[in-house]
Amino acid sequence: MQKLSVFLFVLMGSIFVSKAQSLQSPSDFLGYPLGTEFSRHHQVIDYFKMVASQLPDQVKLENYGETNERRPLYTAIISSEENIKNLENIRQNHLMNAGIGEGTATSNDIAVVWLSYNVHGNEASSTEASMKTIYTLLTEKQEWLKNTVVIIDPSLNPDGRDRYVNWYNETKSTPYDIDQQASEQNEPWPRGRANHYLFDLNRDWVWATQKETQARLKLYNKWMPQIHVDFHEQGINEPYYFAPAAEPFHEIITDWQRDFQTQIGENHAKYFDANGWLYFTRERFDLLYPSYGDTYPTYLGAIGMTYEQGGQSGLGILNDEGEVLTLVDRVEHHYITGLSTVEMASKNAEKLNTEFKKYFANKNFKYKSYVLRGSTDKIEGLKSLLDKHEIRYDDAASGKISGFNYSDSKNGNLNATSEDLVVSTNQPKGQMVQVLFEPNTVLADSITYDITAWSLPYAYGLDAVASNDMAKTTNVEDTFQLNSKNTNATGYILKWDHMKDAEFLAELLKKNVKVRFTEKPFTTKNPEQDFDRGALIIVRGDNKKIANFDAVVIAAADKFRRKAVAVSSGFSKSGPDFGSPDVKLVNKQHIALLSGNYTSSLGYGEIWHFFEQQLHYPVTSLNTDDFAKINLDKYSVLVIPNGYYGVFFNDANLEKLKTWVKKGGKVIAIDGALDIFADQKDFGLKRNISKDTTTVKPNLTPYAEREREDTNDLITGAIFKTEVDNTHPMAFGYGDNYFTLKSGSTAYGLLEDGYNVAYLGKKPKNVSGFAGKNTLKNLEDSLIFGEERLGNGSIVYMADNTLFRNFWENGKLFFVNAVFLVNTNAFEL
């Protein structure tokens, strides 16, 4: 009997090995050697489906979402047959090990590794490598899978990938052309890097503004891997970058995370050295900004890493060193680092589990809790973000809270009420809470890869105190009540201070409901209630043509959870009456958005996504190639995104724009678009140039110190406290101050004849993030937001981009105000 059992065990093992060995390779399945063509997304998914169907006992394929262009998002979970049978128990035990799941974890020596490919669509080699990686793990590296669960996402950005691959496949020469100047080596605007809405998905992990990110986070939080790798490509003259990362490291990162990055890098180096491949480590790619595919996992306890292959080119290209870099080479390099990562996980599975558990143990954080105060809308907006990351929060109990006050940048007090929110570091994801909420991130090095400030209280426009003590909490039920129709009312009034108010307005305008707004505060008589500037007034007499007027208004108010106050008369107790010249009609705007060459594809995408997915209001994209023949008179607003317009707005194009504005058009210029108007005839916008820069001094900075010296003139995503003229329609809904995110050091002077809506004064106050020592002088008396009249129209200047990556929630209303409330004398079409 014992001999029979042994025989059956050996037989089943041989059958299993036979199945794995008979698995089709990517080259055989695709019909061409891997790396000699770019595979379309559906071909890659078809290969993974085939693998899953051939080895269902080792591969679980999960469709976790869909892109805006309806391409499926898949992950493949692979491991040993025994582990796959027990997969749900492994997952739950893994979460319990981190204190996230309910219950007590048993000892666990199974490592969880997540490999993410092709987040940037035109960095296309890694998706090809993902197919070879899964094939080899299942056919040659079964031993590693006995104590490792490997999650492979072959393409985080299918829309961007196919945009690039389809363009390349239809453009390339046969045989492919290695000349750097060949058309197949130079993608047209907007290129394949970003997703459908032209967002950089590698900077969206925390903000989760995009459909792909939101779907991925749900799955990521189900698994919480101990190792996460994000595969990329860099310039053709760089060889290969892998961990360890560069400074600065965020202070929350543990010694173990640093050390194991180095161990993994040394293992990669062993293989690269054996093949004579070049590589570099500890340069450029730091671990600070939390919204990357390496930092976000790191702050959730993983060994988060970026791997960068020289590339972003076609099937082959001649680099500056005279070497031909092929897609075959690029695939092989990513394939080796992927396997090497899994190997290190398997060899160190027990240690990974032990250190993972330690990471989530409650630590002696400087701040134990963050208490936040603001309107219900702003608090709900923050809650929505925290929910995406499964970060816990509570309502505050009444009591005095002492600590660092964000508004004043010094210690202070807050008398908490149940309407305030508490986010504590006393939870498994306490480290992530610290990273997202800390007032000012500690910088070990001023040379960073991205912005250095992002604190959520500033981004959401909330008053906050970071306390060294645990704030007491309670639970408060949602008290929102649906609105009631009042067919005897003269009209309805609604407040104006949040994006939800803007969504409500957009909904009514699309239904042809006429809406007014007040430029001055007023108090109604029946019922007696105060309303501030910007409040929306919807009068029955304006809307006689709207069938079921009350039902339309109330349905929209309930949809966006707005409180519609029914009033019996347009006669105010104080302030303007409904018929006052200070109560103006909101024009139904016909909005155009400049796109194409010279515009920043990311800047364009931010605005496009804002209108379509947040405001839900129509916008027409106009390509710069067609600008000369476009009839601008069809539009009332033209939004010009960040871009590089030096040669585009020549005399003819600028004159065309000026003529349209003078007739009543409104331009909203954002960030780099301000250079179109700066120091130009007929415009009052001037560049702010510090007097210190006018004196030419000999540059004696040593070569080796030049990069660091240059940081003195840089602002790398810092937060500044601005002064606000909230009597101007562009600032309706805001207080006297606004915290702005500056992504660069370019500054413009205050307008002499226009309106300076938000600005920095004599002593600009940098409250968070890095600003070089030479930048503050240049920012004195500088414009943040302003309006300049030209004829009947206006130019709105937005020196800081409130839609940057669409996460700075508190700035979005400035943009909406610019569209709908600024200069209502401009024409309506």
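Visitor: How many residues has helix α12, and what does it reach from first C-alpha to last?
Guide: Helix α12 covers residues 327-347, which is 21 residues. It reaches 30 Å, close to the 30 Å expected at 1.5 Å a residue. The expected span is 1.5 Å times one less than the number of residues. Helices (H or I, at least four residues) and strands (E, at least two) are DSSP runs, numbered from the N terminus.

Visitor: Where do the numbers come from?
Guide: This is a predicted model: local features need pLDDT of at least 70, side-chain atom pairs count only at pLDDT 80 or more, and totals for chains, interfaces and linings use all residues. Residues are numbered from 1 along each chain as its sequence is written, and side-chain values use heavy atoms, with hydrogens and water left out.

Visitor: Back to α12. How many of its residues are buried?
Guide: 17 of the 21, so α12 is mostly covered. Buried means under 20% relative accessible area, exposed over 50%, partly exposed in between (1.4 Å probe, protein chains only).

Visitor: At what angle do α6 and α12 pack?
Guide: About 50 degrees, with the axes of α6 (residues 125-139) and α12 8 Å apart. Axes are lines fitted to C-alpha atoms, for helices over the stretch in contact, and angles run from 0 to 180 degrees between N-to-C directions. α6 and α12 are therefore oblique to each other. Under 35 degrees counts as roughly parallel, over 145 as roughly antiparallel, 65 to 115 as roughly perpendicular and the rest as oblique.

Visitor: Which residues make that contact?
Guide: From α6, they include S125, E128, K132 and L137. From α12, R330, E332, Y335 and V342 are among them. Contact means heavy atoms within 4.5 Å. The residues of the contact of α6 with α12 divide into seven nonpolar, five polar and four charged. Ala, Val, Leu, Ile, Met, Phe, Trp, Tyr, Cys and Pro count as nonpolar, Asp, Glu, Lys and Arg as charged, and the others, Gly among them, as polar.

Visitor: Next pair. How do α10 and α13 pack?
Guide: Helix α10 (residues 255-275) and helix α13 (residues 349-359) meet at about 150 degrees, with axes 10 Å apart. They are therefore roughly antiparallel.

Visitor: Which residues meet there?
Guide: W256, Q257 and F260 of α10 meet K351, L352, E355 and Y359 of α13. That contact of α10 with α13 has four nonpolar residues, one polar and two charged.

Visitor: Switching to the backbone. Where are the cis peptide bonds you can show me?
Guide: One joins W189 and P190, with omega about 5 degrees. P190 sits in the loop between α8 (158-171) and α9 (211-223). Another runs from E247 to P248, with omega near 5 degrees. P248 is in strand β7 (residues 246-249).

Visitor: What is phi for L198?
Guide: Near 60 degrees, a positive value in a residue other than glycine. L198 also lies in the loop between α8 and α9.

Visitor: Is L198 buried or exposed?
Guide: L198 counts as buried, at 3% relative accessibility.

Visitor: And what about N548?
Guide: N548 is not a glycine, but its phi is positive, about 55 degrees. N548 is in the loop between β23 (536-539) and α18. N548 is exposed, with a relative accessible area of 59%.

Visitor: Last one. Where is A555?
Guide: A555 is in helix α18 (residues 549-559). At 46% relative accessibility, A555 counts as partly exposed. A555 and N483 are 72 residues apart in sequence, and 8.4 Å apart in space, C-alpha to C-alpha.
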